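Please keep the viewer open as you read.

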Amino acid sequence: MPSLKDKSVLITGAHGFLGRHVVAELKKHSPSEIIAPKRDECDFRKREEVDALLSSKMPAFVIHLAGRVGGIGETKAHPGGFFFDNASMALNLIDSSYQNGVEKFVGLGSVCSYPKFAPIPFRESDLWEGYPEETNAPYGLAKKMMMVHTQAYSEEYGFNGIHLLGVNLYGPHDNFHPESSHVIAGMIRKFTDAKEAGSREVVFWGDGSPTREFLYVEDCARGIVLAAEKYDSPAPINLGSGMEISIHELAQKLKTLTGFVGEITWDTSRPNGQPRRCLDVSLAEKEFGFKAQVGFDEGLKRTVEWYVNAKKEGEIQ
Ligand SMILES: NC(=O)c1ccc[n+]([C@@H]2O[C@H](COP(=O)([O-])OP(=O)(O)OC[C@H]3O[C@@H](n4cnc5c(N)ncnc54)[C@H](OP(=O)(O)O)[C@@H]3O)[C@@H](O)[C@H]2O)c1
């Protein structure tokens, strides 16, 4: 198993929500160097920029986290951009990693790659049993092609690449932008803004019936680094917490935590997204000992506290 100690590691997307937590986790494993370019130093959609970076830095590990990411409104509005950006980054990074002798490539895929109606809990063996939910299919399929690419290079060239299927994340430094946030950050923002403005109502998309699984971002970062060191198979593997909660119940929890006292209205003219999401997380525990540690209520509390403080400090507008 390749250890990260004294190895140079390229992390793409290192300055994003998940990336900054993975950098913090990685530091505990004493790599010789963490290479963390910003987008203006290397646009991973551009092959020549990717090749220049890899051939000059020659990292031993590549942890690929850069992605075009967004909630249902964004993925529905920009299916082409989501497909192209995510697919082109993965194509460039995997082939350039192979050409430049990278020892191990860790790709972060997504629960959005699963079929819309996969049986609950989603098992890795169910990945090809149907088409993903329409609003995020181009994103989910671009991620799935990264998995196919890794597997094909493993088979033909003995390339050591792994593919982790990450579930919905939440936690400090999430994207709280009103247009591009995911559900937890979006709800926290709406509730706190409404409370501040003295509004009596907040409106959420859909009817509240879909279910989701959530993984606290620091747990996810720990899982990625564990897998980088301890998992060496091209077979995809779920990274989640195994819990499941309805969007309706989530809204009630966040209403309480944020102290909003008005009404919640469900806008049923808006899409619900995938009906249910919950991963079978047993393989990650068996293969590399990963189990989520931060309970959902505790994670939500930390996230709300972080958001309120970041807003007070002017870190979030
Ligand atoms: N958030 C979730 O719930 C979730 C769940 C499952 C999997 N994932 C995966 O986790 C990874 C990280 O997601 P995140 O939530 O941390 O998103 P994020 O905060 O938006 O971070 C993505 C990072 O990728 C960078 N990036 C995007 N396009 C790039 C390009 N063309 N060239 C160079 N850098 C580029 C962004 O840089 P800029 O800031 O400069 O744009 C940003 O630093 C993604 O691959 C995502 O698919 C996320």
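## Before you start

This is a predicted model, in which local features need pLDDT of at least 70 and side-chain atom pairs count only at pLDDT 80 or more, while totals for chains, interfaces and linings use all residues. Residues are numbered from 1 along each chain as its sequence is written.

Helices (H or I, at least four residues) and strands (E, at least two) are DSSP runs, numbered from the N terminus. A residue is called buried if 20 or more other C-beta atoms lie within 10 Å of its own, exposed if 12 or fewer, and partly exposed in between, with C-beta atoms placed from the backbone. Two residues touch, or are in contact, if their C-beta atoms, placed from the backbone, lie within 7 Å.

## Strand S1 and its partners

Let's begin with strand S1, residues 8–12, where four of the five residues are buried. Strands pair if DSSP finds at least two bridges between them. S1 pairs in the parallel sense with strand S2 (residues 33–35) over three bridges, and Leu 10 has Ile 35 of S2 as its bridge partner. S1 also runs parallel to strand S3 (residues 61–64), joined by four bridges; here Thr 12 is partnered by His 64.

S1, H1 and S2 form a right-handed β-α-β unit. Right-handed means that, with the strands pointing away from the viewer, the path from the first strand over the helix to the second runs clockwise. Helix H1 has Phe 17, Leu 18, Gly 19, His 21, Val 22 and Leu 26 as its buried residues. Among the elements that cover them are S1, S2, S3, S6 and helix H7 (217–230).

Which residues of strand S5 point each way? Gly 161, His 163 and Leu 165 face one way, Ile 162, Leu 164 and Gly 166 face the other, and all are buried. S5 spans residues 161–166.

Six bridges link S5 to S4, and these two strands run parallel. Val 106 has Ile 162 of S5 as its bridge partner. The chain passes from S4 through H5 to S5 in a right-handed β-α-β crossover. S5 also pairs in the parallel sense with strand S10 (residues 237–239), over three bridges, and Gly 166 stands opposite Leu 239 there.

## The nonpolar core

A nonpolar core is a set of buried Ala, Val, Leu, Ile, Met, Phe, Trp, Tyr and Cys residues joined through C-beta atoms within 7 Å. The largest one has 83 residues, of which Val 22, Ile 63, Val 106 and Ile 224 touch the most other members. H4 supplies the largest share of this core, eight residues. In soluble globular proteins, nonpolar side chains tend to be buried together.

Val 106 is a handy place to look: not counting residues up to four places away in sequence, its contacts are Phe 61, Val 62, Ile 63, His 64, Ile 162, Ile 224, Ala 227 and Ala 228.

## Residues worth a second look

Most residues other than glycine have a negative phi, and most peptide bonds are trans. Ser 30, in the loop between H1 and S2, has a positive phi of about 50°; Ser 30 is exposed, because 11 other C-beta atoms lie within 10 Å. His 173 has a positive phi of about 75° and is buried, with 20 other C-beta atoms within 10 Å. Ile 120 and Pro 121 are joined by a cis peptide bond, with omega about -5°.

Finally, Arg 212 lies in strand S8 (residues 211–212) and counts as buried because it has 22 C-beta neighbours inside 10 Å. Leaving aside neighbours within four places in sequence, Arg 212 is in contact with Asn 168, Val 183, Ile 245, Ile 247 and Arg 277.
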